[in-house]
Amino acid sequence: EDTKYLLEQAEVEVPRGDIIRRERSLEEACRYVGYPLVIKPIDGNHGRGITVNINNYEDALEAFRQAKESSRSGAIIVEKFIVGEDYRLLVINNKLVAAALRSPAHVIGNGKSTIQELVDEVNKDPRRGYGHEKVLTQITINELTKTIIKDAGYTVDSVLGDSEKLVLKDTANLSTGGTAEDVTDIVHPANIAMAERISKIIDLDICGIDVMTTDISKPLSETGGAVLEVNAGPGFRMHLAPTTGLPRNVAAPVIDK
């Protein structure tokens with residue numbers, strides 16, 4: 001709540017949003033923010049309790065209840081859904097040191113294998129482990145994943161068409177099986193300046209800034225993108241060992257400090 005307020009005051013692009021605690025406040029919040037929406041717990045992490053691209057009140061109500069289950073404080077964020085891809089900008093000692101494009105866990109069809117078989121195949125990658133033990137995490141088919149598969153018109157036994165991509169999670173966290181591509185060298189100077197400024201506004205010597213935009217090589221003001229979150233304890237794994245692209249030694253500036 002405070003982060004968003006500070007960024008708004010500093011005229012950083014952030015999505016319109018509202019913070020509510022009770023179900024009776026939901027309808028008014030939905031009207032104020034406008035569909036499509038994202039609903040998430042204010043104190044969540046690892047993408048828990050988040051529902052995205054909500055387009056009606058019925059779905060908003062279900063999302064609110066899910067967010068409540070993952071919220072310790074009971075406070076829920078209702079926010080505008082920003083279209084684009086999920087980028088993490090890592091700033092250490094007020095200097096951008098790395099940037100990654102994060103993609104949610106997904107499978108790509110071959111016209112023969114079922115979704116379950118495709119997931120099993122992806123999980124055979126030796127880089128995938130459990131939790132944070134390896135550079136990538138196993139993809140699990142939980143209730144959320146089953147809902148996403150069902151909404152796409154499939155079950156785990158369906159066969160995906162050749163080259164058809166099916167996203168299995170609604171957040172791009174590595175901890176839920178996502179992948180990361182290093183994009184440090186293409187971040188637009190305006191976005192670098194914005195990230196470094198944010199670290200000073202929030203007063204964090206290490207911070208991970210989550211940005212949603214269609215193209216990180218253009219300023220957010222041009223793409224309609226926005227800053228979604230500022231993390232005080234950002235993971236380094238996606239930068240030290242990206243799935244694709246150049247690894248960045250982001251630990252060095254922490255030690256140097």
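Author: With residue classes: Ala, Val, Leu, Ile, Met, Phe, Trp, Tyr, Cys and Pro count as nonpolar, Asp, Glu, Lys and Arg as charged, and the others, Gly among them, as polar. This is a predicted model, in which local features need pLDDT of at least 70 and side-chain atom pairs pLDDT 80 or more, while totals for chains, interfaces and linings use all residues. Residues are numbered from 1 along each chain as its sequence is written, and side-chain values use heavy atoms, without hydrogens and water.

Reader: At what angle do α1 and α6 pack?

Author: Axes are lines fitted to C-alpha atoms, for helices over the stretch in contact, and angles run from 0 to 180 degrees between N-to-C directions. Helix α1 (residues 2-9) packs against helix α6 (residues 189-202) at about 120°, with the axes 10 Å apart. Angles under 35 degrees count as roughly parallel, over 145 as roughly antiparallel, 65 to 115 as roughly perpendicular and the rest as oblique; α1 and α6 are therefore oblique to each other.

Reader: Which residues of α1 and α6 meet?

Author: Contact means heavy atoms within 4.5 Å. T3, L6 and L7 of α1 meet I198, I201 and I202 of α6. The residues of this contact comprise 5 nonpolar, 1 polar and no charged.

Terms used:
Helices (H or I, at least four residues) and strands (E, at least two) are DSSP runs, numbered from the N terminus.
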